[in-house]
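Visitor: I'm new to this one. Could you show it to me and take a few questions?

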Amino acid sequence: MIPRSSLPVSLRLSRTLVLSGAVTLALLLGGTPGSRAQHGQIPELLRQVEGGVAVAVPIDDVTVLQAPEPDLRRVYVYDTAAFDVVTKIYGLDGTTGRVLGQIDTGLLTNIVLYDSGRKIYLAETWFKRFSQGPQDDFIRCQDPKTFSTTCDFDIPEGRFLVMTMPQMTDVTTDGRYLLYFQFAPEPGVGIVDLAQQKHIRTVPVPDCYLIFPSGPKSFFMLCREGSLLSVSFDERGEAKMQHTPVLRPADKHFFDTPAFSRKAGKIFFLSYDGDVYPVDISGTEAKFGTPFSLFSEAEKKEGWAPGGWLPAAWHRTSDRLYVLVDKRAQWTHAYPSGHVFVYDTTTGARVQTIKLEHPATSIAVSQDPEPLLYALQAHGGTLEIYDARTGAFRQKVSELGREPYIVLTPEES
Amino acid sequence: MLGRSKFDQLFEALTRRIASRSSRRSFIGRVGLASIGASLVPLLPLDRRGGKSAQAADLGGWKPQTKDPAACDYWRHCSLDGYLCLCAGGSLTACPPGTALSPSSWVASCFNPEDGQSYLIAYRDCCGKNIARRCGCFNTVGELPIYRPEFSNDIIWCFGAENEAMTYHCTISPVIGRAA
């Protein structure tokens, strides 16, 4: 192997020519730094190597790219790779389908996008010796242009290791505090001050799960018996809690991954059998909206039901709810669906149906005025991109890891 | 003061006990035992729609078989979302060498088409190594959301494993009794 630094500068500039075998010949011919070519010129030495054939390829500049400023069509695909300890996030430009960069991550990372995607927070878990040794939980910040780490600080170990559910971690509406769920040794919510880059306190909570930020120092959770838990806290992490009335009927079960908009303060819980339960948490109290069904009774009898890992996405400015649906047997609620049905959440009316090119596990929509629908196939590693308003297929992006389950889009803060 | 169910109180009491003096192993072990022994069994969703053909679960639903335990549609695996230890140096009921058997579990009621009975399976994760990535199964019969964690197969159930090994390798499917 030839040390790269020992190559003449002219050769280091052109990887193509190095690969063509020019290295050996050039060294024999005695290329030196003194024969350095100007950018865009073709050195005489390399003309000889090419046997006199005219060479039109200029000398290349090499560099490390930056991604453009993130916009609302930026989309992130997280490959959880089942429960692998080494995982990755792909950042893509939804408009072009181009992969912009990669973020390396650990076991079951939670990703939080804030401020139109200008801020990216990762709640992470790693182990000292690959899969073994002491566990280390920490928070990192990522730059959406350089895809590099801009903060990294420790939190107490205990982050809930569950197949990534977006609402297990989020930030408050003003972006000041990051909140993450802890399951053992006791259920709690860790409060992290992002300004001071410091864990403040883990607040014990009753049998409640998922975190829906509702204000600068408040959030809601979904509890076992069907109520929500309203939690407010102060800068020391001292919390006050109160249960709401019961939202979830005893004979229904909600998906772990409802559609949620932090900006609007709206949650759309989805039941296994296809009913939607809207909740407005933009005020100090949760307001339960009127539930509506995704299907007619006849359709339910035919087996139509929602299904997937992230089966619902809401476009805020158009009030459209996109839901992955298919005809399915009971207990197939986590399996991919072949259709996306679209609903006006102000009326509950179905306004559009989209047949996907391939069944998808998770969906997201961009929050720009001309939204795109992203449909992710976990067991194919492919993201399909559609015009969300017309349902027209635009393109697919393949080779996005082994088992990508998560697709996320930013929203304005 | 918050209104709390009995399970809430039990759960909280156990968690506070562990927080004060004992290990995660005993905490989850007790929660698991309490869950299985007390309030949860009557609530188990039973799937008695066992079909005749042997094939992997799809949108058509679960169709268990009784002949090949290394296949995902083997009846005991009805709520197993992960990798079969049987294909990774373990067996239906034993972890592979070098892994740590977790004392915590999630439960499901699986229908055995051979005798027409349903059995409780307490799935146990084998921990402390990276994922086996052999015989991957994605079965969800009776799987409930995370607010019912004892029926959730999306959790890394390695709580209490030796050396606090919280990495997931594979899963075993032991029977712990007949379903009610």
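Guide: Strands here are DSSP runs of E with at least two residues, helices are runs of H or I with at least four, and both are numbered from the N terminus. Keep in mind that this is a predicted model, where local features need pLDDT of at least 70, side-chain atom pairs count only at 80 or more, and totals for chains, interfaces and linings use all residues. Residues are numbered from 1 along each chain as its sequence is written, with chains lettered from A and ligands numbered from 1 in the order written.

Visitor: Which residue stands opposite A:V77 in β30(A)?
Guide: Strand β1 (residues 74-79) of chain A pairs with β30(A) (pairing takes at least two DSSP bridges). The two run in the antiparallel sense, over four bridges. Opposite A:V77 you'll find A:V407.

Visitor: How much of chain A is buried?
Guide: Chain A has four helices and 30 strands. Of its 413 residues, the buried share is 49%.

Visitor: Which element of chain B gives the most to the side that touches chain A?
Guide: 45 residues of chain B are in contact (C-beta atoms, placed from the backbone, within 7 Å) with 41 of chain A. The elements giving two or more residues to that side of chain B are α1 (6-20), α2 (24-37), β1 (55-58) and β2 (61-63). With eight residues, the top contributor is α1(B).

How values were computed: Two residues are in contact if their C-beta atoms, placed from the backbone, lie within 7 Å. A residue is buried if 20 or more other C-beta atoms lie within 10 Å of its own, exposed if 12 or fewer, and partly exposed in between; C-beta atoms are placed from the backbone.
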